[in-house]
Amino acid sequence: GLRNRMALEADACRMLGRNLTVYMIDINYFKEVNDQYGHAAGDALLRETGEILKHLYPDGHYYRYGGDEFLVLTHRPAHENYGAETYDLRHSTCGVRMLLSIGSAQDTPMTYSDLFALISRADKALYTVKKRTHSAEYGGHERRSSDQQFKGKAEVCA
C-alpha cells in the first residue's frame, strides 16, 4: 500500500524548499522470514511495517524503496517523530520478532540533486546502524548458524 521509487521521482518537486527529515528504514534479517515462513509471510511483514511507519512518522510521505527498505519523508521537525535508530516489532501473522534499523538525515533541499543527496545521507546513516545491529554483540550474523536461526533480536517468539 506504499508508493514506490517511481512515485518518489514524481513527488520530488513538492519536497523542495522546505525543511525535510528523511528516514531510511530496513527490516533486519528479512530474507530469513521468507526462507523459513514463505513469501506470503514476508509480504504480510512488509505491509505491517508500512502501517507501523505511518504511526511512527505521521504526516509523512511513505515509499517502498527496495526489497525490505522503506523511505519516509516528512516536513515535521525530527523531534516530533520517532527518534530511535531501531524499532522492535513482533510480526502478528507468524509471531516473529524483528528489528527495524533506521537512518535519518535532515536539511532543506533546494534542488532535485539536493533531495537525493539528503536521501543518500539517510542511507549512509542506516548502514552505520545496520553495522552495529548486525555485530556479534547485538546477536547479528557473526553468531548465527543453521541451528541458531532468529537468535537475538530476530528470534521466533514463543
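Residues are numbered from 1 along each chain as its sequence is written, and side-chain values use heavy atoms, with hydrogens and water left out. As the model is predicted, local features need pLDDT of at least 70 and side-chain atom pairs count only at pLDDT 80 or more, while totals for chains, interfaces and linings use all residues.

The protein chain contains four helices and five strands, where helices (H or I, at least four residues) and strands (E, at least two) are DSSP runs numbered from the N terminus. Along the sequence, these elements follow the pattern α-β-α-α-β-β-β-β-α. Of the 158 residues in the chain, 46% are buried, that is, under 20% relative accessible area with a 1.4 Å probe, protein chains only. Contacts are defined by heavy atoms within 4.5 Å; among those between residues at least 6 apart in sequence, 69% join residues at least 24 apart.

A nonpolar core is a set of buried Ala, Val, Leu, Ile, Met, Phe, Trp, Tyr and Cys residues joined through side-chain atoms within 4.5 Å. The largest such core has 21 residues, of which Ile-25, Ile-27, Leu-45, Leu-53, Tyr-57, Val-72 and Met-98 touch the most other members. Two or more residues of this core are given by each of strand 1, helix 2, helix 3, strand 3 (69-74) and strand 5. Helix 3 supplies the largest share of this core, six residues. Apart from this core lies another, of 17 residues, which includes Ala-12, Val-22, Leu-115 and Ile-119.

In helix 2 (residues 30-37), the buried residues are Phe-30, Glu-32, Val-33 and Asn-34. These buried residues pack against strand 1 (20-27), helix 3 and strand 5 (97-107). Gly-38, with a positive phi near 100°, follows helix 2.

The largest pocket has a volume of about 200 Å³. On a 1 Å grid over the protein atoms alone, a pocket is an open set of points where a 1.4 Å probe fits, with protein on both sides within 12 Å along at least five of seven lines; lining residues have an atom within 4 Å of a point. The lining consists of Gly-1, Leu-2, Asp-43, Leu-46, Arg-47, Gly-50, Glu-51, Lys-54, Arg-64 and Phe-70. Helix 3 (residues 39-56) contributes the largest share of this lining, six residues.

Methods: Grid points are joined across faces, edges and corners, and a volume is the space filled by probe spheres set on the points. Buried means under 20% relative accessible area, exposed over 50%, partly exposed in between (1.4 Å probe, protein chains only).
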